[in-house]
Number of protein chains: 2
Amino acid sequence: MSLILALDFGGTKLAAAVTQVGSREWLRYERRLSPTDSNANTDLEIMRSLIHSLLQGETPAAIGVSFGGPVDFTTGTVRLSHHVPGWENIPLKDLLEEEFGVPANVDNDANVAALGEHRFGAGQGYDSLFYITISTGVGGGWILNGKPWRGAAGMAGEIGHMVVNPAGPVCLCGKRGCVERLASGPYMAQDAKEHLLTESHKFQSKILLTLADNNLNLITGKIISEAAAQGDELAINILQDSAWALGVGIGNVANLINPQRFILGGSVTKAGEIWWDTAQTTADKTALPEIDFEIVPAALGDDAPLWGAVALSESILNV
Amino acid sequence: MSLILALDFGGTKLAAAVTQVGSREWLRYERRLSPTDSNANTDLEIMRSLIHSLLQGETPAAIGVSFGGPVDFTTGTVRLSHHVPGWENIPLKDLLEEEFGVPANVDNDANVAALGEHRFGAGQGYDSLFYITISTGVGGGWILNGKPWRGAAGMAGEIGHMVVNPAGPVCLCGKRGCVERLASGPYMAQDAKEHLLTESHKFQSKILLTLADNNLNLITGKIISEAAAQGDELAINILQDSAWALGVGIGNVANLINPQRFILGGSVTKAGEIWWDTAQTTADKTALPEIDFEIVPAALGDDAPLWGAVALSESILNV
């Protein structure tokens with residue numbers, strides 16, 4: 001029976017799983033947090049130990065890899081990781097092919113997750129879909145005619161760095177008002193903290209402070225979502241700003257490439273109704289009235305990159 | 001010798017031409033302004049007379065049509081024109097095929113012009129390019145893997161209604177700060193007029209007023225470009241706002257779909273160096289540093305839609 005090995009190098013997590021060709025169930029599955037001072041070598045070491053524990057001496061037919069950062073898909077070379085040092089120009093496909101003696105495909109996580117949702121999740125039957133992950137960052141993957149569109153140089157899908165408010169706050173990339181700057185979890189937490197450190201107190205925020213034990217450094221996107229669900233004004237405001245930015249981004253993408261369906265995944269999509277309603281309403285307003293699309297939650301959750309890696313492997317095997 | 005008939009239904013102009021299959025020269029060519037009170041019937045009547053004068057009794061092998069408005073490419077049905085009444089749901093492909101007894105293809109002008117530039121103009125050799133026309137409106141056409149990408153429902157390419165400044169002025173579509181609202185010729189003229197009607201006189205504008213004979217209603221995008229070239233402060237400011245909006249749009253598109261090349265056509269692209277420099281600089285700043293692209297002027301000028309219509313015909317004939 002042919003085995004497929006699926007690997008997911010995330011910014012903070014490493015996951016690996018094996019399945020049989022054609023199966024839709026994991027045979028074996030492992031997930032680990034990266035150590036806080038991780039680098040490319042420690043990530044590779046941890047992944048090796050996961051792989052050996054999963055394979056139990058067997059040889060897979062092919063390896064599919066999701067990597068959390070820009071990848072040159074043609075050569076399978078990682079360009080860099082924005083979260084983990086040492087990944088600059090690592091030929092991950094070559095490394096794996098040499099080590100395991102089987103073919104491998106490596107692509108960036110948004111493309112791979114999009115492929116996973118397309119083949120096995122909320123995108124089944126949709127030949128043209130745009131997947132967006134809203135989490136530590138914001139990334140996009142586009143399936144066009146049933147295949148990932150990677151762009152002329154493999155850089156397509158960067159909806160996170162679409163400018164939606166040129167008067168907005170400065171993003172890590174240097175621009176103002178990118179979707180990622182407004183919509184991602186860590187930036188939501190930063191905005192809450194900054195608001196609480198000013199003396200304006202424009203918005204009531206007792207619930208948020210209580211949930212964070214009055215420690216501003218403990219505020220996260222998740223705590224903001226909880227506070228918003230309980231009626232905290234500041235939290236609601238920040239969630240709405242996040243969802244608004246994403247909604248403008250979605251509407252702009254709808255106008256530009258007119259996909260059938262948007263699929264949203266990542267931790268921030270667990271933020272609740274206020275967030276989803278605002279994103280949907282804003283996207284509807286931003287798209288031209290003639291342009292139809294649906295926005296749905298991802299079906300595979302955190303496993304979307306791993307299932308996409310299975311699809312990448314199956315494409316090697318022409319399954 | 002097989003003839004190809006190429007038709008261009010613009011918002012204010014009608015053009016038709018014939019060429020021989022495989023030729024890159026027009027055999028015969030006609031262009032007319034639409035009357036100011038034109039409708040679909042008068043446009044069709046004028047086009048019929050152009051066609052009969054061009055064909056001189058011969059029968060073409062195929063007909064390619066560029067239409068200035070949304071078109072359902074699959075059926076060749078015009079959805080509407082934003083400029084000329086009466087075009088709602090006109091089955092233009094069927095009408096032409098019945099009348100002339102030969103196959104026809106109909107698509108919207110931005111897609112067709114993109115195809116024209118791809119096959120015969122500034123996009124030769126570029127498999128992935130984004131064409132933008134900046135004129136009365138702002139429209140986009142995307143060539144992907146050498147073919148137009150029309151979107152799931154034929155509505156792709158609407159870069160004109162991408163929001164780039166949510167605090168900006170209101171567009172015809174109801175949103176604030178669309179690319180078209182800031183970058184198109186008529187809106188530039190409107191902004192100049194509104195500035196001159198307020199009492200702020202923030203910018204010096206003597207040159208612009210002189211060029212417009214002190215008649216605000218005579219201000220056009222073209223006059224603004226001339227005034228800017230002569231150093232008029234208001235005109236320079238308005239041109240920069242136009243080019244800035246387009247530049248953000250281009251940078252966002254680069255981040256999102258990573259085409260090799262942007263090709264800009266339409267009257268506003270004749271606005272001169274200030275406009276081009278601002279658009280290029282803003283696009284460079286908006287795109288992520290890892291994303292490369294070129295911005296070049298269209299090579300076919302006003303004939304891009306007609307040459308694209310030739311390419312559409314050749315695709316019917318499998319040339």
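Predicted model: local features only at pLDDT ≥ 70, side-chain atom pairs only at ≥ 80, totals over all residues.

**Entry 1: domains of chain A**

I then looked at where they meet, and found twelve residues from domain 1 of chain A and 15 residues from domain 2 of chain A in the contact.

Which elements give two or more residues to the domain 1 side in chain A? I found strand 5 (71-72) and helix 3 (109-120) of chain A. Helix 3 of chain A has the largest share of that side, six residues. By class, I noted eight nonpolar, two polar and two charged residues on the side of domain 1 of chain A that touches domain 2 of chain A.

**Entry 2: Asn108(A)**

Next I picked Asn108(A), which sits in strand 7 (residues 104-108) of chain A. Buried or exposed? Asn108(A) has 26 other C-beta atoms within 10 Å, and the cut-off for buried is 20 or more, so Asn108(A) is buried. Leaving out residues up to four places away in sequence, I listed what Asn108(A) touches: Phe67(A), Gly69(A), Pro70(A) and Val71(A).

**Entry 3: how the two chains relate**

I laid chain B on chain A and got an RMSD of 0.1 Å, with a turn of 180° and a shift of 0.0 Å along the axis. The two copies are therefore related as by a two-fold rotation axis. The same surface serves both copies, since 100% of the contact residues of chain B recur in chain A.

How many residues of chain B are in contact with chain A? I found 34 residues of chain B against 34 residues of chain A. On the chain B side, helix 8 (233-257) and helix 9 (273-286) are the elements that give two or more residues. Helix 8 of chain B gives the most, with six residues. I sorted the side of chain B that touches chain A by class and got 19 nonpolar, ten polar and five charged residues.

**Entry 4: the nonpolar core**

In soluble globular proteins, nonpolar side chains tend to be buried together. Here I found that the largest nonpolar core has 200 residues. Those with the most contacts inside this core are Val179(A), Leu208(A), Ile224(A), Val179(B), Leu208(B) and Ile224(B). I followed Val179(B) up, setting aside its neighbours within four places in sequence. Among the contacts of Val179(B) are Val138(B), Ile159(B), Met162(B), Val164(B), Ala245(B) and Leu246(B).

**Entry 5: strand 11 of chain B**

I wanted to see how covered this strand is, and five of the five residues of strand 11 of chain B are buried. In a regular strand the side chains alternate between the two faces of the sheet. Which residues lie on each side of strand 11 of chain B? I noted Arg261(B), Ile263(B) and Gly265(B) on one side, with Phe262(B) and Leu264(B) on the other, all buried.

Then I looked at the partners. Strand 8 (residues 129-134) of chain B pairs with strand 11 of chain B in the parallel sense over five bridges, and Leu129(B) has Arg261(B) as its bridge partner. Strand 12 (residues 294-297) of chain B also pairs with strand 11 of chain B in the parallel sense, over four bridges. There, Leu264(B) stands opposite Pro297(B).

**Entry 6: two positive phi values**

Last, I checked two residues other than glycine with a positive phi. Gln56(A) has a phi near 50° and lies in the loop between helix 1 (40-55) and strand 4 (62-67) of chain A. Asn258(B) also has a phi near 50°, and its place is the loop between helix 8 and strand 11 (261-265) of chain B. Gln56(A) is exposed, with 10 other C-beta atoms within 10 Å, whereas Asn258(B) counts as buried, with 25 C-beta neighbours inside 10 Å.

Note on methods
Residues numbered from 1 in each chain as written. Chains lettered and ligands numbered in written order. Contact = placed C-beta atoms within 7 Å. Nonpolar A, V, L, I, M, F, W, Y, C, P; charged D, E, K, R; others polar. Buried ≥ 20, exposed ≤ 12 C-beta atoms within 10 Å, placed from the backbone. Core = buried A, V, L, I, M, F, W, Y, C linked by C-beta atoms within 7 Å. Least-squares fit on C-alpha atoms with pLDDT ≥ 70 in both. Pairing = 2+ DSSP bridges.
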